[in-house]
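Subject: Structure for you to look at

Hello,

Here is the structure I promised to pass on. Please open it alongside this note, and I will then go through what turned up.

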Amino acid sequence: MAIDRDALSWYEASARQRVDALLDTGSFAEFLGPEERRMSPHLPLFDLPRAFDDGVVVGRGRLDGRPVLVAAQEGRFMGGAFGEVHGAKLVGLLRAAREIKPAAVLILFDTGGVRLQEANAGETAIAETMRAIAEVRADGVPVIGLIGGRAGAYGGGGLIAGTCSRLAVSEGGRISVSGPEVIETNKGAEEFDSRDRALVWRTMGGKHRRLTGGADAFCADSVSAFREAARALIGRAPAFDLATLEAEHARLRNRLEEFGDCRDATEVWARLGVNDPDAVPAMDARAFDETVAGVGGANHDAR
Amino acid sequence: MADWRGDRQARDARLDAGRAHLAGRGKVVAAQAAVDLLEAVLRPGDRVCLEGDNQKQADCLARALSACDPGRVHDLHMVQSGIVLPEHLDVFETGIARRLDYSYSGPQGARIARMLYGGQIQLGAVHTYLELFARYFMDLTPNVALIAGVCADRDGNLYTGPNTEDTPTVVEATHFKNGVVIAQVNEIVDRVPRVDIPGDRIDFVVAADKPFYVEPLFTRDPGAMTETQILIAMMAIKGIYAEYGIRRLNHGIGFGTAAIELLLPTYGERLGLKGKIATHWALNPHPTLIPAIESGWVEQIHCFGSEVGMDRYIRARPDIFFTGSDGSLRSNRAFCQTAGLYACDMFIGATLQIDLMGHSSTVTQSRVAGFGGAPNMGSDPHGRRHPSDPWMKAGREGQVVGDPALMRGRKLVVQLVETFGDKLVPTFVERLDALELARKIGLELAPVMIYADDVTHIVTEEGIANLLLCRDADEREQAIRGVAGYTEVGRGRDRAKVEALRARGVIRRPEDLGIEPLDADRSLLAARSIKDLVHWSGGLYEPPARFRNW
């Protein structure tokens with residue numbers, strides 16, 4: 001049965017549904033699929049259920065006829081967290097990209113970060129993934145991150161997202177390192193009230209990341225919107241060289257100087273030149289894109 | 001010679017003492033003078049209703065009462081429907097209050113249990129709302145009522161706002177039987193938008209330091225709905241709503257019933273049920289009902305209270321809701337409970353524990369959550385005398401012996417539960433925790449929410465048990481075990497008997513109802529997020545920040 005990409009919500013879809021609908025129909029071939037039962041060796045120690053794919057789907061396929069490698073995290077299995085096998089599958093995919101030289105590697109993030117039950121292996125996987133992404137990009141293959149799942153891209157997932165060539169994000173998607181509850185626990189509810197979900201999304205959500213240049217495309221919550229964004233971003237991937245890195249450092253330094261004293265994202269947006277910052281959260285994708293177009297700094301070649 | 005005016009003279013003396021604290025013109029008292037006012041008006045041993053409703057809280061007056069000098073104000077007998085704020089229990093720690101008769105204690109359920117064990121509270125009884133209201137007019141009439149409204153004028157004319165809830169009932173019982181009524185309001189105005197309580201029933205108006213607190217109790221995030229809940233909702237719609245043609249009903253506040261609300265415009269529509277079921281409601285303005293309202297399913301809704309964020313939407317839909325001449329919702333808990341009791345053909349809601357006979361309770365050994373309205377809604381009213389198709393059909397199913405000409409109908413009381421609840425605690429048990437709690441704190445009556453003889457159906461992800469069709473206690477037990485899944489109770493079933501019950505239609509599985517469990521998918525929900533609900537409402541619904549993800 002053909003999948004209706006326009007009707008399928010990225011936020012609601014499973015990792016497998018996202019991959020199948022994102023790529024050219026029928027083109028996806030999985031590596032180390034669930035039938036191979038490559039499961040976590042650690043979770044049984046904690047009497048926890050395992051997944052046959054350890055919560056990540058990796059493989060090859062085509063996007064608009066061009067070959068791509070793709071990895072998709074399943075946010076509904078342990079919050080998409082990085083365990084040993086999960087991480088190894090992603091690192092292996094990235095290393096394969098250096099030989100295969102696809103048009104791009106697509107990472108469909110949906111993760112809360114490292115899996116606590118296998119923290120050492122998970123942390124190692126984060127570091128190895130970041131290194132592998134740097135090598136792939138140095139070889140001239142763009143790595144595109146797509147973020148619009150329930151778990152967002154948190155913890156090590158947020159770090160990895162920061163190393164990608166380009167990121168696309170939807171309104172429901174969030175990008176950060178420490179999660180809202182962690183910040184509240186360490187700094188107090190006065191500093192950050194994790195139950196105030198509007199605040200959480202203003203601070204870590206897709207619109208804020210797009211407005212401040214943390215993400216490079218904003219998508220409506222459909223697979224077709226992410227497919228469009230992925231196609232466009234592959235063509236706009238920046239070079240991976242010293243100039244790009246220096247530009248990114250300069251961008252981040254400026255950001256801190258310009259907005260470091262803001263107490264709320266709406267103040268940042270106002271300073272960016274958004275006319276009615278309070279109206280931003282309720283905007284649909286089209287109205288939001290128009291707002292982004294009127295803001296300096298959202299589009300840049302740094303990374 | 002008998003003195004027929006003693007209570008009236010005592011009230012006049014209280015009013016005189018209180019008037020020393022008026023702030024200039026009219027009945028207005030400043031928030032800072034609230035403690036002085038209460039100390040002047042209250043007498044030791046008074047029966048006091050401190051308005052703590054299901055949602056609206058007279059929190060400024062609650063803080064003032066807890067700050068009173070226990071040397072002057074002590075041994076009060078609190079009669080109030082909700083124990084919701086910490087101050088509601090603080091007064092029992094300081095000796096300001098001693099006895100308690102109440103109905104619901106959701107957020108304070110654990111602390112109230114500890115204080116009952118510790119003997120700090122002398123408990124009268126845990127009531128249903130309607131039962132406690134009834135006693136306000138019989139043997140628990142308040143001497144002083146401390147209530148909450150949105151605004152008042154200087155004469156005391158009170159606008160309660162959309163959350164009218166218990167206020168008219170409390171004032172009626174207090175004012176007309178020599179009691180004193182003190183109202184806190186967010187604002188003193190020259191003219192109120194509408195008069196919910198006439199000024200001559202209000203003795204003092206306290207200008208509160210901040211707006212009263214309202215708990216958003218009835219908002220369920222569609223984003224958190226599971227496929228199991230959707231499957232259960234599909235079974236309920238096809239196996240009960242459609243089967244009996246339920247048009248007049250009340251829903252509980254759980255995710256299961258919220259899923260039903262979200263399936264009406266999709267699954268319900270596909271089954272051709274629009275206009276045939278779920279048209280008339282006794283219900284708070286649930287945000288999850290917005291898609292069904294917008295799709296033309298709902299004819300009218302009467303509300304116990306309001307819900308945070310729904311006010312603009314309700315104002316724009318006066319054909320559906322009960323609204324005043326000012327346009328805002330008029331809720332009334334007493335009338336809505338009465339509607340739920342006598343004019344609904346079905347109550348459907350969740351519970352925490354169900355035993356082998358079908359008794360259910362939300363009390364666990366460490367929490368006394370109280371009942372609220374569920375026992376009213378979830379009981380078959382023997383005073384009902386008007387027929388309706390669902391009521392008569394249920395009556396026929398339940399009648400075993402006797403003259404059919406003298407048969408009466410039955411209200412459907414449906415328990416909608418997952419076999420395992422939160423943290424995988426089994427819903428089905430051999431013995432309710434409520435019985436152990438009653439033994440430990442010496443309650444004469446165990447806190448059972450819905451008694452087995454009122455329950456007609458239990459729906460779980462394994463199937464529907466129709467208890468009306470059970471002919472003896474053994475069949476009833478096996479019917480319950482037969483839908484109890486992998487719980488101890490479920491695994492203890494007699495397979496042959498359960499299959500026999502299934503053959504008779506007492507137990508119906510999803511496949512018996514023509515439902516494929518794999519079809520229970522989130523894509524069936526008319527709204528899959530709070531934002532979808534905002535879109536359905538045309539931007540009129542304004543969800544509180546804690547329910548937003550944008």
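To begin with chain A: how many bridges join β5(A) to strand β6 (residues 166–170) of chain A? There are four, and the two strands run parallel. Before going on, please note that this is a predicted model, in which local features need pLDDT of at least 70 and side-chain atom pairs count only at pLDDT 80 or more, while totals for chains, interfaces and linings use all residues. Residues are numbered from 1 along each chain as its sequence is written, and chains are lettered from A and ligands numbered from 1 in the order in which they are written.

Helices (H or I, at least four residues) and strands (E, at least two) are DSSP runs, numbered from the N terminus; two strands pair if DSSP finds at least two bridges between them.

On the β6(A) side, A:Ile147 stands opposite A:Val169. The chain gets from β5(A) to β6(A) through helix α4 (residues 156–163) of chain A, in a right-handed β-α-β crossover (with the strands pointing away from the viewer, the path from the first strand over the helix to the second runs clockwise). Strand β4 (residues 104–109) of chain A is also parallel to β5(A), joined to it by five bridges, and A:Leu106 stands opposite A:Ile144. With helix α3 (residues 119–138) of chain A, β4(A) and β5(A) make a right-handed β-α-β unit.

Strand β5 (residues 143–147) of chain A has five of its five residues buried (20 or more other C-beta atoms within 10 Å of a residue's own, placed from the backbone; exposed means 12 or fewer, partly exposed in between). A:Val143, A:Gly145 and A:Ile147 point one way, A:Ile144 and A:Leu146 the other.

Now for the cores. A nonpolar core is a set of buried Ala, Val, Leu, Ile, Met, Phe, Trp, Tyr and Cys residues joined through C-beta atoms within 7 Å. The largest has 170 residues, and B:Leu61, B:Val206 and B:Leu263 are among those touching the most other members. Helix α8 (residues 227–244) of chain B gives the most to this core, eleven residues. A second, separate core of 76 residues includes A:Leu90, A:Leu106, A:Phe109 and A:Ala225.

Chain B also has an open, mixed sheet of eight strands, in the order β14-β13-β12-β15-β18-β19-β20-β21. Its edge strands, β14 (300–302) and β21 (507–508), each pair on one side only.

Enjoy exploring!

Best wishes
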